[in-house]
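Student: Please walk me through the side-chain contacts and the metal site, one question at a time.

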Amino acid sequence: MSGRPTLRGASTALFSTWYMVEQWGVMFDCGDGASAALMHKARKVRHLFLSHADRDHVAGLLAYQQLYGGPGLTIHYPKDSGSFPALADFCRRFDPWIEGTRWRGLDDGERVDIGRGLSVVARENSHIRGVRPGLKSLSYFVERSVRKLRPALRGMPGAEIAALRAARGEDAVTVERRGLALAYSADTGVLTDGRYDGADVLIHEATFIDRDDSSEGDPARFRHSVLEDVLAMAAAARPGHLVLGHFSGRYDAARIEGAVREGCARHGLEGPVSLVLPGTVSHDILARTL
Ligand SMILES: [Zn+2]
């Protein structure tokens with residue numbers, strides 16, 4: 001990773017989830033207390049990516065939009081979620097002097113350019129899929145575009161490469177490669193289709209430590225993850241840094257830390273792991289590891 005991003009956030013199941021990356025001007029979800037914790041740092045957010053309309057992920061929107069809305073802010077959301085157009089309409093009536101905030105519904109696979117060679121791809125997850133019709137829950141993937149020298153040109157002197165570039169353009173000299181700078185699962189069951197493979201940073205929810213606390217077999221309930229399944233997936237996906245959050249408030253810090261340590265050891269997960277513990281706010285999540 002070129003320079004560790006500063007990841008701020010809070011995430012407790014049922015109460016509030018938000019994550020913000022200052023250098024990239026992005027925030028994922030906007031739970032209660034986001035702008036109170038970020039204060040003027042929240043001004044740096046140009047793109048707000050909302051995963052779904054559960055209150056613990058959107059309850060901070062009214063305050064956020066009133067403080068920092070305007071033409072510089074785009075709020076992205078799952079395209080079939082009717083709650084967001086309703087919220088946009090309410091914000092326009094409630095704070096009519098805040099003008100110009102863009103609200104944009106995203107489809108599965110849609111890509112948003114956020115500048116600095118980065119783009120964010122929306123992908124449907126399993127939180128609401130099959131429980132309600134339409135696309136109503138998204139995960140987000142921050143991809144970094146880098147251009148690499150074509151393998152056939154390795155060893156060619158710099159002056160010749162420059163001449164080739166001048167004569168035939170950049171594509172003759174380099175190919176675009178995309179790297180996954182950050183993946184944010186949002187609320188979802190664990191997905192093992194390779195979508196998180198090799199992410200520099202993977203933020204994944206781990207609502208339940210005890211499988212018996214989950215309702216994973218109930219087709220009428222929104223899906224969440226069990227820690228054991230997250231760790232098994234992460235052992236295969238091999239993220240550069242694993243961030244676990246959205247734990248249920250029924251577990252205390254010692255219980256969570258113990259379960260994560262034990263599971264990481266058992267699955268051979270040796271990379272850095274950071275925890276976002278219930279009821280806490282962190283202003284540099286990646287700096288503190290287990
Ligand atoms: Zn949630």
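Tutor: Let's begin with a term: a residue is buried under 20% relative accessible area, exposed over 50% and partly exposed in between, using a 1.4 Å probe and protein chains only. This is a predicted model, where local features need pLDDT of at least 70 and side-chain atom pairs count only at pLDDT 80 or more, while totals for chains, interfaces and linings use all residues. Residues are numbered from 1 along each chain as its sequence is written, and side-chain values use heavy atoms, leaving out hydrogens and water.

Student: How many salt bridges does a search of the whole structure find?

Tutor: The rule asks for a side-chain nitrogen of Lys or Arg within 4 Å of a carboxyl oxygen of Asp or Glu. Searched that way, the whole structure gives a count of 18.

Student: Which residue forms a salt bridge with Asp193?

Tutor: The closest N and O atoms of this pair, Asp193 and Arg123, are 3.9 Å apart.

Student: How many residues apart are Arg147 and Asp171?

Tutor: Their side chains meet in a salt bridge of 2.7 Å, N to O. Arg147 belongs to strand E9 (residues 138–149) and Asp171 to the loop between helix H5 (158–168) and E10, so the pair links distant parts of the chain, and the separation is 24 residues.

Student: Where does Asp229, the salt-bridge partner of Arg211, lie?

Tutor: Arg211 and Asp229 meet at 2.8 Å, N to O. Because Arg211 is in the loop between E11 and helix H6 (227–237), the pair ties together parts 18 residues apart in sequence, and Asp229 lies in helix H6.

Student: Are Phe49 and Tyr140 buried or exposed?

Tutor: Rings of Phe, Tyr and Trp (its six-membered ring) pair if their centres lie within 6.5 Å, with planes under 30 degrees apart called stacked, over 60 edge-to-face and the rest tilted; the count comes to nine aromatic pairs. Phe49 and Tyr140 form a tilted one, 5.0 Å centre to centre with 55 degrees between the planes. Phe49 lies in strand E4 (residues 47–49) and Tyr140 in strand E9, so this pair ties together parts 91 residues apart in sequence. Both Phe49 and Tyr140 are buried.

Student: Which residues coordinate the zinc ion?

Tutor: Donors are N, O and S atoms within 2.8 Å of the metal (3.2 Å for Na, K and Ca), and water is not among the atoms, so sites may look incomplete. Here the donor atoms are at 2.1 to 2.3 Å. They are OD of Asp56, NE2 of His57, OD of Asp187 and NE2 of His246.

Student: What are the relative accessibilities of Asp187 and His246?

Tutor: The donor residues of the zinc ion are spaced D-H-x129-D-x58-H in sequence. Asp187 lies in the loop between E10 and E11 and His246 in the loop between strand E12 (241–245) and helix H7 (253–267), so the pair ties together parts 59 residues apart in sequence. Both count as buried: Asp187 at 1% and His246 at 3%.

Key
Helix = DSSP H or I, 4+ residues; strand = E, 2+ residues; numbered from the N terminus.
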